[in-house]
Structure formats: C-alpha cells, structure tokens
Amino acid sequence: MIWKVIVVLLIGLFTFSLNLDFLGQVVQISILPLGVWILYWSLRKNEPAWQKYRPFAWLGFVANYILLIFLLVGIPLNHLLYQGNNLSTYISNVEDAYIINTHPTANKSSLIKGNLIASIQDAKQQDYFSDSWYNETLIGPNKTTERFPYMLMNTLPKWGSGLSTTIYLEKNGKGILITTQEKQLYFQTENSLLEEAE
C-alpha cells in the first residue's frame with residue numbers, strides 16, 4: 001500500500017537534530033534516527049513487516065541529509081544573489097515610493113525619486129553608531145529631535161529575496177536606515193533624497 005510507505009517515510013524524517021548557525025541561517029543536522037527507532041519498536045514483533053518497511057524508514061532519515069545538502073548549497077547562493085551590503089537588495093523598485101513623516105520635528109518634504117534611483121547602486125554602507133545616536137537622541141541637548149523622522153514607503157526589495165523591511169530616512173536626506181527582522185543597516189548617499197516643500 002502506497003499510503004503506508006508514505007507514512008513510513010514521514011515517520012523516518014523524525015530525528016533528534018543539532019541546530020547550527022551557517023552564514024546567519026540555522027541548519028539542522030540529524031543525529032539520531034528517532035523515526036526509524038519508533039518504527040522498529042512498533043514492528044519488532046512483526047519481522048516481515050519490519051523488513052518490508054525498514055528501507056523506507058531509513059530513506060526518510062536519509063532525506064534529512066538530502067534536504068541539508070540543498071540548504072547548504074542554497075544559503076551561499078542566496079548570499080551571492082542577495083548581497084546584504086548592497087542597497088539594491090533592500091530597495092529595488094521605487095516606482096510608487098513616497099515618504100511619510102514619523103516625528104513632529106520632520107519638515108514638510110518630498111522624495112526626489114531620481115536621486116533615490118541613482119543612489120541605489122552608489123550608496124555606501126556604514127557603521128551603525130548606536131551609542132552615539134542614543135546619546136544624541138536621549139541625553140544630548142537635541143534630545144527632542146529624531147534622527148530619522150521620515151519613513152520611506154511603497155518600495156520593493158529585490159525580486160525573490162523574500163525580505164520584509166522598514167526603511168527610514170535621515171533628517172538630512174542622505175542616510176537610509178534599513179530594518180529587517182534580523183538586523184539594521186545604515187547606508188549613506190551622496191545627494192539628498194529629500195526636497196523641502198515651500
């Protein structure tokens with residue numbers, strides 16, 4: 001019966017695994033074939049059935065390593081296609097982009113799309129000075145100001161990246177703060193992306 005083979009394969013996938021970090025991604029390495037052991041324990045009194053389904057149970061266990069190989073090949077490929085230090089990975093399509101003010105100190109400004117498009121390839125990633133920004137924002141004399149009072153809306157990341165980002169613009173219009181689920185990145189542009197309204 002095919003459905004029994006499928007069930008045995010699925011049970012064979014069940015393992016005790018170690019989680020390791022590989023290039024920022026968690027990979028599972030199967031150590032103990034718990035599914036195979038469960039099937040053996042269940043069929044230990046029915047030797048013909050165990051002999052019949054044993055290859056499929058081990059095939060399920062081996063499938064974990066096949067998936068692991070695909071993952072180990074896919075992760076570097078993903079890093080190659082979607083380079084984390086390139087702004088174009090996070091902002092690829094700006095056709096319908098606009099900004100909104102997120103803080104009272106923000107000026108009435110509009111987005112210069114031409115500068116944004118030009119900056120996508122030329123923007124340089126720089127260190128994120130969280131300590132100095134914290135002191136400037138909460139302790140310094142300008143603690144009522146917000147360094148990133150604008151949010152860039154309606155942009156799309158590179159196709160296929162699966163990234164979900166929140167993008168803030170620096171008050172001078174030359175800094176872009178990208179926030180993903182895992183990290184924050186800061187890019188500097190040569191020209192301002194903002195034009196103050198008159």
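Let's start with Asn154. Is Asn154 buried, partly exposed or exposed? Its relative accessibility is 46%, so Asn154 counts as partly exposed. The cut-offs matter here: buried means under 20%, and exposed means over 50%. Keep in mind that this is a predicted model.

Where does Asn154 sit? Its place is in the loop between β6 and β7. Now look at the backbone. Phi of Asn154 is near 65 degrees, a positive value, and this residue is not a glycine. Why point that out? Most residues other than glycine have a negative phi.

Strand β6 covers residues 150–153, and strand β7 covers residues 166–169. They pair in the antiparallel sense, over 3 bridges. Find Tyr150 on your screen. Which residue stands opposite Tyr150 in β7? That is Leu169.

Zoom out to the sheet. β6 and β7 belong to an open sheet of 6 strands. Read the order with me: β3-β6-β7-β8-β9-β5. The pairing is antiparallel. Which strands are at the edges? They are β3, residues 98–101, and β5, residues 124–126. Each of these pairs on one side only. Neighbouring strands in this sheet are turned against each other by 35 degrees on average, with direction ignored.

Now a helix. Take α5, residues 113–122. Which of its residues are buried? Leu116, Ser119 and Ile120. They cover an arc of only 115 degrees around the axis, so they lie on the same side of α5. An α-helix has 3.6 residues a turn, so residues three or four places apart point the same way. Turn to the other side of α5. There, Ile117, Gln121 and Asp122 are exposed.

Last stop, the surface. Six names to find: Phe16, Leu18, Leu20, Ile31, Leu32 and Trp37 form a nonpolar patch. Together they have about 550 Å² of accessible area. Which elements give two or more residues to the patch? Those are β1, residues 16–22, and β2, residues 25–32. The largest share, 3 residues, comes from β1.

Key: Residues numbered from 1 in each chain as written. Predicted model: local features only at pLDDT ≥ 70, side-chain atom pairs only at ≥ 80, totals over all residues. Heavy atoms only, no water. Pairing = 2+ DSSP bridges. Helix = DSSP H or I, 4+ residues; strand = E, 2+ residues; numbered from the N terminus. Axes fitted to C-alpha atoms, helices over the stretch in contact; angles between N-to-C directions. Patch = residues over 30% accessible without salt bridge, like charges linked within 9 Å, V, L, I, M, F, W, Y side chains within 5 Å. Areas by Shrake-Rupley, 256 points an atom, 1.4 Å probe, with all protein chains shown as cover. Salt bridge = Lys/Arg side-chain N within 4 Å of Asp/Glu carboxyl O. Buried < 20%, exposed > 50% of the residue type's maximum accessible area, 1.4 Å probe, protein only. Arc of directions from axis to C-beta.
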